[in-house]
Amino acid sequence: MKQMLNVALPKGRLGEKVYAMFEAAGYPCPSIKENNRKLIFENPECGVRYFWVKPSDVSIYVERGAADIGVAGKDILLEYTPDVYELLDMKTGICRMAVAAPKGFRDDTRRALRVATKFSKIASDYYASRSREIDIIHLNGSIEIAPILGLSDVIVDIVETGTTLKENDLEVIETIVPISARLIANKASYKFKNEQIKALASHLAQQLQAEE
Ligand code: PRP
């Protein structure tokens, strides 16, 4: 009997796109579309078991082996540096990590820059590489409000269309790194389910090429 591959998908809009890519690559699981409360779905014929998890938790499941593979944003991989293999750029969920500030902002280099963000490590690494002293204010969401209320000077956050920034009178002042979704694998699974994981990754890669 085929060994099942456990696949952690990021719940939400990105996850739906990603599932469609797995389906097109030959790993469908029709029941996934029928029930929106259930979190685990399997298709023994294709040897896959999908489960929906919070996007920022995908790499935890994969690192610890609860999932053999998964799809996580590069932002999460850079922030939490999980010990996993990154197998493929899925070329979806494309956005960038950027520094944004209120229009007309000028950096006063005599004092520490106050940076509000959900991505403390990415922000710290970025400013360390530029030898700029900062004061990190770690927030969990609605980061755009921080400079408006004077809690921070700038923010480090994900920018996709730029609408959120625009609507809050902020603008990108620096791009830190481009972001997209990545296929990741647990290191032990990659050894013990090597054939299956490689086959799946290459079917996905072919599918991506065909779409180009
Ligand atoms: C992200 C980010 C911005 C927004 C940017 O939030 O934090 O708020 O998307 O997108 P835009 O440039 O297209 O406006 P997300 O919706 O991922 O959820 P979050 O609030 O939990 O971070």
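The model is a predicted one, in which local features need pLDDT of at least 70 and side-chain atom pairs count only at pLDDT 80 or more, while totals for chains, interfaces and linings use all residues. Residues are numbered from 1 along each chain as its sequence is written, and side-chain values use heavy atoms, with hydrogens and water left out.

Helices (H or I, at least four residues) and strands (E, at least two) are DSSP runs, numbered from the N terminus; contact means heavy atoms within 4.5 Å; and axes are lines fitted to C-alpha atoms, for helices over the stretch in contact, with angles running from 0 to 180 degrees between N-to-C directions.

Staying with helix 8, its 18 residues reach 26 Å from the first C-alpha to the last, close to the 26 Å expected at 1.5 Å a residue, where the expected span is 1.5 Å times one less than the number of residues. Which residues of helix 8 are buried? They are I197, L200, A201, L204 and L208, and they cover an arc of only 95° around the axis, which puts them on the same side of helix 8. The arc is that of the directions from the helix axis to the C-beta atoms, and buried means under 20% relative accessible area, exposed over 50%, and partly exposed in between, with a 1.4 Å probe and protein chains only. An α-helix has 3.6 residues a turn, so residues three or four places apart point the same way. On the other side of helix 8, E195, Q209 and A210 are exposed.

At the strand 2 end, strand 2 pairs with strand 3 (residues 48–53) in the antiparallel sense over 4 bridges, and N43 has V48 in strand 3 as its bridge partner.

In helix 1, G15, V18, Y19, M21 and F22 are buried, and they cover an arc of only 155° around the axis, which puts them on the same side of helix 1. What covers these buried residues includes strand 1, strand 3, strand 4, strand 11 and helix 8, whereas the face turned away from the buried side carries the exposed residues R13 and E16. Just after helix 1, G26 takes a positive phi of about 105°.

Next, the aromatic rings. The rings of Phe, Tyr and Trp (its six-membered ring) pair if their centres lie within 6.5 Å, and planes under 30 degrees apart count as stacked, over 60 as edge-to-face and the rest as tilted. By this rule the count comes to 5 aromatic pairs. The rings of F22 and Y50 have their centres 5.8 Å apart and their planes at 90°, so this pair is edge-to-face. The pair links distant parts of the chain, with F22 in helix 1 and Y50 in strand 3, 28 residues apart. F22 is buried, and so is Y50. The rings of Y126 and Y127 have their centres 5.1 Å apart and their planes at 75°, so that pair is edge-to-face. Y19, F22 and Y50 form one aromatic cluster.

Strand 6 (residues 95–102) has 6 of its 8 residues buried, so it is largely enclosed by the rest of the structure. Strand 6 pairs with strand 10 (residues 170–179) in the antiparallel sense over 8 bridges, with L170 in strand 10 as the bridge partner of P102. Strand 6 and strand 9 pair in the antiparallel sense over 5 bridges, and M97 has I158 in strand 9 as its bridge partner. Strand 7 (residues 113–117), by contrast, pairs with strand 9 in the parallel sense over 3 bridges. I155 in strand 9 is the bridge partner of A100 and also of A116. Of the 6 residues of strand 9 (residues 154–159), 5 are buried, so strand 9 is largely enclosed by the rest of the structure.

Technical notes:
Two strands pair if DSSP finds at least two bridges between them.
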